[in-house]
Amino acid sequence: MMKFPVIVIVACLILGTVIPSFCAEDESGFWVSEIDEATFARIKGKSYKDDCPIPLEDLRYLHVLHKDLQGITHGGELICNVYIASDVLEIFRALFLAGYPVERVRLVDEYDADDETSMRDNNSSCFNFRFISHTTRISKHGLGLAVDINTLYNPYVKTVKGKLTIEPDTAGEYTDRSKKFPYKIEKGDLCYKLFTERGFEWGGEWKSVKDYQHFEVSDEVARKLYPDYR
Ligand SMILES: [Zn+2]
């Protein structure tokens, strides 16, 4: 009974040396690169709007693998700030290896950089340049310093003067966090741990609003990198 796994391990060691990708399904699908011309053509005028003051050199393209709820492996793409690129790559690698389900990881540009459409599709993403409504303040997504995971099941929830705002607005049934449902991020789960142990803050722990999909670097770090960030 014990011989089979030993044989498999030995085969992996031999073949893994000869063909590095043989026993390292994770290795070949994970990489970081600079924003080349082809990638820039995909984001220009969309997530990288014409008034975007963030230099392209500050951004990185990430290719990752992820598994959906059925355990099927998919390739994913995202763009984030160079400051968090290796952390985000390692987080996605750990989620993949653990089989933590992430349904979709596509560039938000495939949704014309429209957050609402991307979130309704349960898409996970990072960089999307924009000013916060009615201000000249850039959001952390605009700096590529915030990551949203499994967005439909982990909505943004805010109550202003008794009026409830949910983003995406199709996520009403996922605002009750005492319920059980797939793709839900909870305090203490693997996704939460991987981000917070690398210094990210979780929007699910905010007081006035709840942003269950959202992990971001602190204001302090953002200001250190971009002194104009307020
Ligand atoms: Zn977010």
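Here is a short tour of this structure, stop by stop, to follow in your viewer.

**Before you click**

What you have open is a predicted model, where local features need pLDDT of at least 70, side-chain atom pairs count only at pLDDT 80 or more, and totals for chains, interfaces and linings use all residues. Residues are numbered from 1 along each chain as its sequence is written.

**Stop 1: the whole chain**

Show the protein chain as a cartoon and you'll find 7 helices and 9 strands. Helices (H or I, at least four residues) and strands (E, at least two) are DSSP runs, numbered from the N terminus. Of the 230 residues, 35% are buried. "Buried" means that 20 or more other C-beta atoms lie within 10 Å of the residue's own, with C-beta atoms placed from the backbone; 12 or fewer makes a residue exposed, and anything in between is partly exposed.

**Stop 2**

Select residues 59–67, which are strand β2; 7 of its 9 residues are buried. (Two strands pair if DSSP finds at least two bridges between them.) Click Trp31 and look across to His63 in β2, which stands opposite.

Pick Val64 and you'll see its bridge partner in β3, Gly76. β2 and β3 make a hairpin with 5 residues between them, and Gly71 in that turn has a positive phi of about 85°.

**Stop 3: Asn81**

Stay in strand β3 and select Asn81. Is Asn81 buried or exposed? Asn81 is buried, because 22 other C-beta atoms lie within 10 Å. Not counting residues up to four places away in sequence, Asn81 touches Asp58, Leu59, Leu143, Gly144 and Leu145. A contact here means C-beta atoms, placed from the backbone, within 7 Å.

**Stop 4: helix α4**

Select residues 82–98, one of the elements that each supply at least two residues to the core at the next stop. This helix has 17 residues and reaches 25 Å from its first C-alpha to its last, close to the 24 Å expected at 1.5 Å a residue. (The expected span is 1.5 Å times one less than the number of residues.) Which residues of α4 are buried? They are Ile84, Ala85, Val88, Ile91, Phe92, Leu95 and Phe96. An α-helix has 3.6 residues a turn, so residues three or four places apart point the same way. Just after α4, look for Gly99, with a positive phi of about 75°.

**Stop 5: the largest nonpolar core**

A nonpolar core is a set of buried Ala, Val, Leu, Ile, Met, Phe, Trp, Tyr and Cys residues joined through C-beta atoms within 7 Å. The largest one has 43 residues, and Ile79, Cys80, Val88, Leu95 and Cys126 touch the most other members. The largest share, 7 residues, comes from α4. Zoom in on Leu95: leaving aside neighbours within four places in sequence, Leu95 is in contact with His66, Tyr100, Val102, Leu190, Cys191 and Leu194.

**Stop 6: a three-stranded sheet**

Finally, find the open sheet with the order β6-β5-β8 and antiparallel pairing. β6 (163–167) and β8 (209–211) stand at the edges with a single partner strand each, so one side of each has no neighbour in the sheet. Select β5 (residues 156–160) and see how 5 bridges join it to β6. Val157 stands opposite Ile166 in β6.

Note on methods:
Contact = placed C-beta atoms within 7 Å. Expected span 1.5 Å × (residues − 1).
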